[in-house]
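Work through the exercises below with the sequence and the model side by side. Try each task before you read its solution.

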Amino acid sequence: MALKSIAAALALTAGLALAAGAALAHEGHEGPPPKTPGGKAAWARHDNFKAQGAAFKAALDELKKSPPNQAVLTTNANKLKASSQALPSWFPKGSGPESGVKTDAKAEVWSDAAGFAAAANKFQIEAAKFQELATAGDVAGMKAQSRVLGGTCKGCHDKYRVPEKK
């Protein structure tokens, strides 16, 4: 009898864990999970940008401390560099508004592919510089570079992202 109780408790725990995981995976998204490749890509893009923004924020917050934790700076600068390299792949054709998933990506991402690629490349270059400064332990350089890096984000958002509602 005890084995049945343990099995039931384990099954209940597993079910609750799956439900919690599904709720977390859905956090920040509107509507049910997409089934189309374009919709799945739009959702993944949203999650990738959330993670990228969190890494940048963590680095910026750490740069305000005296002294900042070098491991935190390096870890988050590495995340930014890696995500900057992956960013162009987050926008496959069919993952815009036509996917049926709410997205903040403007149609210009695809209609001005060369301009978007140039903006993404600029971000990659500046993220790599930020990461190099972190690796070198150059906090003053990172502070200056964070403004340049943030500017590349703004430049891309201004042209290729739907403005946030305030």
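Predicted model: local features only at pLDDT ≥ 70, side-chain atom pairs only at ≥ 80, totals over all residues.

Residues are numbered from 1 along each chain as its sequence is written, and side-chain values use heavy atoms, with hydrogens and water left out.

**Exercise 1. Surface and fold**

Task: Then give the pattern along the sequence.

Solution: 
- Step 1. Now take burial. Buried means under 20% relative accessible area, exposed over 50%, and partly exposed in between (1.4 Å probe, protein chains only). Of the 166 residues, 31% count as buried.
- Step 2. Helices (H or I, at least four residues) and strands (E, at least two) are DSSP runs, numbered from the N terminus. The protein has 6 helices and 0 strands. Its pattern reads α-α-α-α-α-α.
- Step 3. Contact means heavy atoms within 4.5 Å. Take the contacts between residues at least 6 apart in sequence: 66% of them join residues at least 24 apart.

**Exercise 2. The core**

Task: Find which residues touch the most other members of the largest nonpolar core.

Solution: 
- Step 1. A nonpolar core is a set of buried Ala, Val, Leu, Ile, Met, Phe, Trp, Tyr and Cys residues joined through side-chain atoms within 4.5 Å.
- Step 2. The largest core has 24 residues. Leu87, Phe91, Phe116, Phe130, Met142 and Leu149 touch the most other members.
- Step 3. Two or more residues come from each of helix H2 (37–63), helix H3 (70–86), helix H5 (113–136) and helix H6 (139–160). H5 gives the largest share, 8 residues.
- Step 4. Look at Leu149. Leaving aside neighbours within four places in sequence, Leu149 is in contact with Phe56, Leu80, Phe123, Glu126, Ala127 and Phe130.

**Exercise 3. Ring pairs**

Task: For Phe56 with Phe130, find how far apart the ring centres are and what the angle between the planes is.

Solution: 
- Step 1. Rings of Phe, Tyr and Trp (its six-membered ring) pair if their centres lie within 6.5 Å; planes under 30 degrees apart count as stacked, over 60 as edge-to-face and the rest as tilted. The whole structure holds 6 aromatic pairs.
- Step 2. Phe56 and Phe130 are 6.1 Å apart, centre to centre, with 80 degrees between the planes. That pair is edge-to-face.
- Step 3. Phe56 is in helix H2 and Phe130 in helix H5, 74 residues apart. Both Phe56 and Phe130 are buried.
- Step 4. Next pair: the ring centres of Phe91 and Phe116 are 4.8 Å apart and the planes stand at 65 degrees, so this pair is edge-to-face too. Phe91 lies in the loop between H3 and helix H4 (108–111), and Phe116 in helix H5, so the pair ties together parts 25 residues apart in sequence.
- Step 5. Phe91 is buried at 11% relative accessible area. Phe116 is buried at 7%.
- Step 6. Ring pairs also link Phe49, Trp90, Phe91, Trp110, Phe116 and Tyr160 into a cluster.

**Exercise 4. Salt bridges**

Task: Find where Asp112 and Lys159 lie in the chain.

Solution: 
- Step 1. A salt bridge is a side-chain nitrogen of Lys or Arg within 4 Å of a carboxyl oxygen of Asp or Glu. The whole structure has 8 salt bridges.
- Step 2. Asp112 and Lys159 form a salt bridge at 3.1 Å, N to O. Asp112 is in the loop between H4 and H5 and Lys159 in helix H6, 47 residues apart.
- Step 3. Asp112 is partly exposed at 24%. Lys159 is partly exposed at 43%.
- Step 4. Glu126 and Lys129 also meet in a salt bridge, at 3.6 Å, N to O. They are 3 residues apart in helix H5, so about one helical turn separates them.
- Step 5. Glu126 counts as buried at 10%, whereas Lys129 is partly exposed at 37%.

**Exercise 5. A cis bond**

Task: Find which residues the cis peptide bond joins.

Solution: 
- Step 1. Most peptide bonds are trans.
- Step 2. A cis peptide bond joins Ser66 and Pro67, with omega about -5 degrees.
- Step 3. Pro67 sits in the loop between H2 and H3.
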